[in-house]
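The points can be read in order, with the model open alongside.

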Amino acid sequence: MPTALSLAHPSVDPPTLIDRTRQALGWSGSEFLVGLRGYDELMETLEVASDVEGLARIGDPTSPPVRLLRALNASGAGLSVGRVATLDAPWRWARIGEGTAEITGVALRQQAYADVVGALGRAGVSFRVLPDDTTTEALLDVGRTLGSAVLDVDEVPADAVLVPGYLDDQPPLTYGLLTRRASEFAEDVVVWLSMRPERESPGTLMAALQRFSDLGLNLDFLHSDPLGPDVHSFYLGFRTDPARVEELQASLREGGLTSRVLAAFAL
């Protein structure tokens with residue numbers, strides 16, 4: 001009987017947000033969630049635990065952070081992003097306390113602070129930043145002493161009063177499922193590809209890009225990652241029919257380039 005997969009995630013987002021993300025991904029497996037201390041610990045765990053998949057913020061799916069691309073490219077376990085889910089901005093600034101308490105400050109967790117400090121900075125309030133693993137009740141307790149808190153939408157008490165205007169235009173959050181499992185698609189997918197020349201010389205990149213053009217592939221992003229003098233890894237993103245990916249990789253091999261698929265997912 002196959003072992004049920006568990007889902008690991010950096011403990012920077014509250015459980016309510018992680019639960020919504022899991023549902024949005026359509027992920028099924030063990031109900032046991034593995035909360036880890038950060039992104040690095042997540043990647044280390046996924047490398048050695050074959051019965052665990054990972055959940056991580058990936059930013060813009062058509063222009064992911066180079067840090068994530070490097071980590072996937074270095075994975076000895078063949079990790080890739082197989083699914084993504086984009087959720088509405090989760091944070092709400094709420095008055096906490098009896099009636100509409102006077103706001104002397106705002107309580108919020110560290111990741112929420114990083115997400116909203118630009119928007120709330122113009123409100124002229126002081127911040128009480130708490131660890132990411134602070135429970136909802138502990139966050140509310142501090143919020144009551146300050147008059148307000150920033151919470152996930154599913155943590156807001158029924159009697160709280162939202163502060164309008166400041167967090168109304170926050171961008172959505174996109175999460176990716178990091179997995180060893182190959183995904184099958186019947187429609188066009190977003191692909192992230194790493195590419196490295198066996199021998200690099202002037203014109204190597206342009207010759208490689210011509211192979212993309214010959215197959216009618218338009219790039220969403222291209223990152224050049226220096227590894228040493230005249231040595232680079234290249235990260236590229238594009239959208240295509242899944243069958244075209246193997247054709248592209250075969251063409252790159254003919255041109256003396258190794259490649260690896262770091263992500264393939266439908267948007």
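Predicted model: local features only at pLDDT ≥ 70, side-chain atom pairs only at ≥ 80, totals over all residues.

1. A definition comes first: two strands are said to pair if DSSP finds at least two bridges between them. By that rule, strand β5 pairs with strand β9 (residues 161–162), because two bridges join them. The two strands run antiparallel.

2. The protein chain holds seven helices and 14 strands. Its C-alpha trace spans about 70 × 50 × 35 Å along the principal axes.

3. Two figures describe the chain as a whole. Of its 267 residues, 45% are buried. Among contacts with a separation of 6 or more, 78% are between residues 24 or more positions apart.

4. Strand β5 also has a partner in strand β8. Here β5 covers residues 91–95 and β8 covers residues 148–152. Five bridges join them, and the strands run antiparallel. Within this pairing, W93 stands opposite V150 of β8. A reader tracing β5 will therefore find bridges to β8 as well as to β9.

5. Turning to helix packing, two packed helices are described by the angle between their axes and the distance between the axes. For helix α2 (residues 39–48) and helix α3 (residues 66–73), the axes come within 11 Å and cross at roughly 20°. That angle makes α2 roughly parallel to α3, since angles under 35 degrees count as roughly parallel. The crossing of α2 past α3 is right-handed.

6. Which residues of α2 and α3 meet? On the α2 side they are Y39, D40 and M43, and on the α3 side R67, L68 and A71. By class, the residues of this contact are four nonpolar, no polar and two charged.

7. The packing of helix α6 (residues 204–214) with helix α7 (residues 242–254) has an angle of about 150°, and the axes are 10 Å apart. The two helices are therefore roughly antiparallel to each other, because angles over 145 degrees are counted that way. As with the other pair, the handedness can be stated: α6 passes α7 in a right-handed crossing.

8. At the contact of α6 with α7, A208, R211 and F212 of α6 meet L248, S251, L252 and E254 of α7. This contact has four nonpolar, one polar and two charged residues.

9. Is T21 buried or exposed? T21 lies in helix α1 (residues 15–25). Its relative accessible area is 0%, so T21 is buried, the cut-off being under 20%. Leaving aside residues up to four places away in sequence, T21 touches L55, L87 and Y175.

10. G78 sits in the loop between α3 and β4 (80–87). With a relative accessible area of 34%, G78 counts as partly exposed, because that value falls between the 20% and 50% limits. Residues up to four places away in sequence aside, G78 touches T179, R180 and R260. G78 and V261 are 183 residues apart in sequence, while their C-alpha atoms are 9.2 Å apart in space.

Notes. Residues numbered from 1 in each chain as written. Heavy atoms only, no water. Helix = DSSP H or I, 4+ residues; strand = E, 2+ residues; numbered from the N terminus. Axes fitted to C-alpha atoms, helices over the stretch in contact; angles between N-to-C directions. Parallel < 35°, antiparallel > 145°, perpendicular 65-115°, else oblique. Left-handed = near helix turned anticlockwise from the far one by under 90°. Contact = heavy atoms within 4.5 Å. Nonpolar A, V, L, I, M, F, W, Y, C, P; charged D, E, K, R; others polar. Buried < 20%, exposed > 50% of the residue type's maximum accessible area, 1.4 Å probe, protein only.
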